Amino acid sequence: MGKILTVDDSVSMRSMVSFTLREQGHEVDEAENGQEGLDKASADHYDLVISDVNMPVMDGIELIKRLRANEKYRFTPILMLTTESGLDKKQEGKAAGATGWIVKPFDPAKLTAVVSKVLK
Amino acid sequence: MGDAKEMAVLDEEPTGGSDVREWLSFRLGKLDYAVDILRVLEIRVWESTTRIPYSSPFVQGLINLRGAIVPVIDLRLRLGLSAKQPDGETVILVLNVEHPQGSRTLAMIVDQIQDVIEVSGSDVRSADRFNLNINERFVYGLMDVNSNMTVLLDIDTVLDVDDSERHAS
Amino acid sequence: MTDPMERFRNVFFEESAEAIDAIEQHLLSIALPNVDNEVIHDIFRSAHSLKGGSATFGMTRLAEFTHVMETLLDSLRNGERSMDQDIVDCLFSCLDTLRSLVSHYQYGDEIDGQKVDSVRHTLEGLLSSSAATAPAQAASAIDEDSSLQWQITFIPERDVLKTGNEPLRYIEELAELGTITVEVNTNAIPSLSELEPTALHLQWHITLDASAPVARQDLADVFMWLEDEAELIFTPLTPAIPSVAPVSPLPAPAEAPAAPATAQNEATASATTPAKETPKRTQQSIRVDLAKIDSLINLLGELVITQSMLSTFSDLDQYPELQRLQQGLGQLERHTRDLQDGVMQIRMLPIDFCFSRFPRMVRDICKSLGKEIRVDIVGETTEVDKTVIEELTDPLVHLVRNSIDHGIERPDVREENGKPRTGVLTLKAFHQVGNIVIEVSDDGAGLNADKLRKKAIEKGLISASSVLNEQAVHELIFAPGFSTAEQVTDLSGRGVGMDVVKRNIQGLGGHIDVRSTLGKGTTFSIRLPLTLSILDGQLVKVHGETYVIPMLSIIESIQVPQDKINQVEGKDVSFKWRGEFIPVLDLAKTFHCPRESSFEGDPLIVVVESDNRQCGLMVDELANHQQVVVKSLEANYKRVDELSGATILGDGTVALILDVGALIQRVKVH
């Protein structure tokens, strides 16, 4: 079981993600935008970061770039949570250093499967 | 206060047949009256109230019930009986009342708590044949308890404090 | 236990309401042709989260609708098209559709399918006019070939580890499809001295044996996240369907195209940003059910009572050891007060919750009236109790409508009078000694005293001979029966007059004033207590009964010799105060107090004021001056004339709160 940070400006999304993951026994922290995510990630250590892309203050792409620039998070899996199945965002995210992505809408089972795969 | 004893009796009694309900009986003057026990929220010792200007004579005043403002009705005056000074047995019954505008909490002063009685639908007799000297809207029915007549009250009408505006009687 | 999904759904509903409001705010802030890029981004983001949430929670119609909206917004965001009036109008109509779709899912409300479709058509019309520049989605026919056996070549890039990817994870996942044989090619590993520990130098050749046919797409899905970071060759060994040549995905783009694009966006943004300030970021907050706060306030009321009950144990002479207890009690009192302030603060909301509806409302009304009005909002962060905001909304709507209908002139009329075509309606809020003041002003025609006077005479409100100064004439608009009938346009509507507005405001314990200059404009000023649930009160004793008089309405308390009070038939009727006769009400008589007064001496008179009229309330004595928690009499009893509620005192008993306005009204009636 891992310690996971979920970053999303939507409370419903964020709480659904963390509820699902806590059910699986993970420890989950939440942040509501990239900046808060970055602050929490820097202050602590997470085994996995799941971040939305479109957020106020600091978006997901920027968050990923900043996290990768941090020695602590060079190899940590970071997943993008995005509705944009369009190539541009994925590539942008990948270029910034994302490990992979989960496409919204998703069901809890899919999220669980992806997370357990990444944390294995 | 005698209610602890009554509660003990209540505990011992088996919950009877399907239409059997429990009523709390109390005394007012020479007669026994009863209210549906499920409506009784609390039994309190008598306490003084804050008079409300312009209220009907049967409205005794207001008390503070854990932060809620609750009107107290003098049941004697409400039923057209003579007034009586409170004594050591006078209690206040706090009741849940259904009002057209929603559920309310009201209290009423009675002389003395009697007993918990079991009332089944077939035991209840119509009050039509008796001249009870009280407004029949207030009466749900009559009941013979050990050959003592007990008046079952319809608490929602008895404690409808602004009924004078709806029933110009 | 409630289903957690249900809970998240409810959170989503709250969020969507906020998102829709946010879009509305942004749309209102747009002053074409200048559009702040940040505004479009924010609108896009709101629509985007609506789409994501609605899709996740299975609200298909909402998801589909927001998708179309998002597509349009995306093209605006990318600069493929620019914002114009048609788009703004269309987005405004989208808001209503969004609200009805949300309430459909939230409350099961019927959807007006035709309306939704028509808005959607408008959206799609706008989209197709931009010649759908969206790149044809990777519609490249999915290669349907499948095979029981595959040969897979997997050559990750050197830096793949730096994106948190672990190649073995993919190989393991591959193993879930069938039996795999893995061959590792270590040829590329450099000598130890050149070895970079964070780089990957391995290549894999994997043979997959499956019991059921595995499609090429299944393999691609396994490596989906790496398609740009690895060379992948999938070769079917026992093709079930004629195979296509091995597909090798495009090499990863040499450089991230993202950075320059963003920079460019920023550049254009700063170039076109008008002087308009961007909306403030909302502060961190949580949502709390109002009932929870109210029960907290009730509890706190209890605490205040207990605290003041304890503080009556002050017999120091008898119990010297009480001193320490008393110090503790003093502290408890301070903390209780702080706690009370803090809890009351929770109920406070910025007045913006009420103001924010007006720009849209004014915009809509102006459109139908052919007027041009700008709404200026000042002090929208001023905080006031939530209940006050709720009660304030209707009177404000009325005042604003009134200003639009009767205050601000048509653009041509304004021009003739040398005013700018666009009128200004200002909503302003500020705090002033424990009150909130809200002003609705316009730079319109102002009140015409002659006309008002004539109308009042016609309506029989004043006699033709009455002498009134200009201010008094202006205030006639609040007289009952003055502003009804004629004023009922379809907008001011519902026949509600200014008298009702005034009554509502007074019902809240506040008052309203008007100031007007002919030709320059009119200002309505509303003054209200900051909260309706706590009141600063003066306790008074009347024949053994205790009443509370709101401090707000007290001017002073004075002892008046009995012989200075004019009596008619043994009833006190008036006394001279500050040079004028004002009526006197003996509270004991007014309220028919049954007990006799135990009090002797000259009467004590509390001079109170409401609506610019004074009155003396005769009481036996003044008791404490304290904050009281206002409780409704209607919850369990009914409304009582001349009382505005009840409260619980330190000794646990109930005291009634006087409605000073109604008492003064009574004097007039009698």
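I take helix axes as lines fitted to C-alpha atoms over the stretch in contact, with angles from 0 to 180 degrees between N-to-C directions. Helices (H or I, at least four residues) and strands (E, at least two) are DSSP runs, numbered from the N terminus.

This is a predicted model: local features need pLDDT of at least 70, side-chain atom pairs count only at pLDDT 80 or more, and totals for chains, interfaces and linings use all residues. Residues are numbered from 1 along each chain as its sequence is written, and chains are lettered from A in the order in which they are written.

**Entry: α4 and α5 of chain C**
I looked up helix α4 (residues 85–107) and helix α5 (residues 113–129) of chain C. They pack at about 145°, with axes 10 Å apart. The crossing is left-handed (the near helix is turned anticlockwise from the far one by less than a right angle).

Which residues of α4(C) meet α5(C)? I found Asp86(C), Ile87(C), Cys90(C), Ser93(C), Cys94(C), Thr97(C) and Leu101(C). In contact means C-beta atoms, placed from the backbone, within 7 Å.

**Entry: α2 of chain C**
I checked the length of α2 (residues 37–56).

I find 17 of the 20 residues of α2(C) buried (20 or more other C-beta atoms within 10 Å of their own), so the helix is largely enclosed by the rest of the structure. Just after α2(C), Gly58(C) takes a positive phi of about 70°.

**Entry: chains C and B**
I counted the contact: 21 residues from chain C and 18 residues from chain B.

Methods: Two residues are in contact if their C-beta atoms, placed from the backbone, lie within 7 Å. A residue is buried if 20 or more other C-beta atoms lie within 10 Å of its own, exposed if 12 or fewer, and partly exposed in between; C-beta atoms are placed from the backbone.
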